[in-house]
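Hi everyone, thanks for coming. Let me put the structure up on the screen, and then I'll walk you through a few parts of it.

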2 protein chains.
Amino acid sequence: MQLSPKIENFVLHCGEMGSRWGFNRTIGQMVGLLVINEKPLTANEIAEALKISRGNVSMGIKELQSWQLVKVHHIPGDRKEYYSPNGSIWDLANRVFEERRKREIDPTLTLLRDQILDSANSPEEKYAQEQMQSIHDLLETVTKWSAELQRLTPEQLQSLMKLGSSVSKVIDLKDKLLRKS
Amino acid sequence: MQLSPKIENFVLHCGEMGSRWGFNRTIGQMVGLLVINEKPLTANEIAEALKISRGNVSMGIKELQSWQLVKVHHIPGDRKEYYSPNGSIWDLANRVFEERRKREIDPTLTLLRDQILDSANSPEEKYAQEQMQSIHDLLETVTKWSAELQRLTPEQLQSLMKLGSSVSKVIDLKDKLLRKS
DNA sequence: TTAAAGTTTCAATAATTACTGAAACTTTAA
DNA sequence: TTAAAGTTTCAGTAATTATTGAAACTTTAA
């Protein structure tokens, strides 16, 4: 498993970005490698290509499975497991998005809901609660919106984008329609 | 600067989430503290409230300024600097979003554009380039969309959401309008 | 000027997170 | 069965990232 410079370049970049996308360097590289390789790879091939230990690959695969980003294949007469990306690029991005929402937004929403229900016993707490309410509303809006967008196919999304340079036009459109009816 | 349990709870939570939102624990706590405090705070007050060193606060403020999340105030006759959030919750969220886009997406888009222009010299590279093209297209779509959404005020966003439980309705709307005109 | 009040910097260290590799485990086929 | 081929686990260690605190710097007012 020897990578061409161009491919290695891409894989290394995925590693660097990995940490920003919610996993660590190694796991980023693994995703990159699996995505640009047409045929599924064994754990050993991955370890060799990325020059990392076999144990590390095993842990990485486990993590990627918890994100539902990889799929296992078996080839008849071969005991090894072969790994490949679980779905299209679009599917993978959606899962990452979803998983991150769960980790980055949901816990905060839960906490805020609790705090807001609680009664404030000082002017400081009163102000704090108002702010928490704003954050709550914002996060809820973002959550609902991302759920809507995720439901769309890439084609629908493209179609929506062609509406014009600004979504505000859609809003105007809606207002006009409402006024007519 | 003694925090009530309720407020401390929120601040600590912001710290935990901080790392998931692109900064570290301390900086997350600082943002939380500034946001729920009605009046601006000095660096010393922040250090005391969060029980961290003065130097750490200084570095945190610097980082938050690079994200454009804090604003400095001066009180006549007082040499200290007072810090407060730079804008509404909505403004802050927008800036974080924007900054993360720059860090998490833009570098990849640049790399992909370069790689795609380059010619493939093997079937493996051919496939790799096709995949990179898909990733590129996806990221570009996401980037454009987030720019659109960021341009909206919270009110417009709410208005847009009320359109119905599914954004696909917007697409139907567009189709109907196009047919009429 | 100078010293007091404040801020910033950064080397040293603490805390956290990732990785290795050897041992334990699992599965399969002879 | 058993041994070969494979996988997983996890204690120890390496690498990275965050924090402190003391020294250096800046600003202001007497």
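**Where the two chains meet**

Between chain B and chain A there are 6 salt bridges, a salt bridge being a side-chain nitrogen of Lys or Arg within 4 Å of a carboxyl oxygen of Asp or Glu. Before I go on, some housekeeping: this is a predicted model, where local features need pLDDT of at least 70, side-chain atom pairs count only at pLDDT 80 or more, and totals for chains, interfaces and linings use all residues. Residues are numbered from 1 along each chain as its sequence is written, chains are lettered from A and ligands numbered from 1 in the order in which they are written, and side-chain values use heavy atoms, leaving out hydrogens and water.

Back to our chains. One of those pairings joins B:Arg100 to A:Glu104, with the closest N and O atoms 3.6 Å apart.

The buried area is about 5,900 Å², with 70% from carbon and sulfur atoms; that is the accessible area (1.4 Å probe) the two parts lose on being put together, summed over both.

**Inside chain A**

Over all chains, the salt bridge count comes to 24. Another one links A:Glu98 with A:Arg101, whose closest N and O atoms are 3.4 Å apart. Because these two residues sit 3 apart in helix 5 (residues 89–104) of chain A, about one helical turn separates A:Glu98 from A:Arg101.

Lastly, helix 3 (residues 43–50) and helix 4 (residues 54–66) of chain A: their axes come within 9 Å and cross at roughly 115 degrees, using lines fitted to C-alpha atoms over the stretch in contact, with angles from 0 to 180 degrees between N-to-C directions. Among the residues making this contact are A:Ile46 of helix 3 and A:Val57 of helix 4 of chain A.

Methods:
Helix = DSSP H or I, 4+ residues; strand = E, 2+ residues; numbered from the N terminus. Contact = heavy atoms within 4.5 Å.
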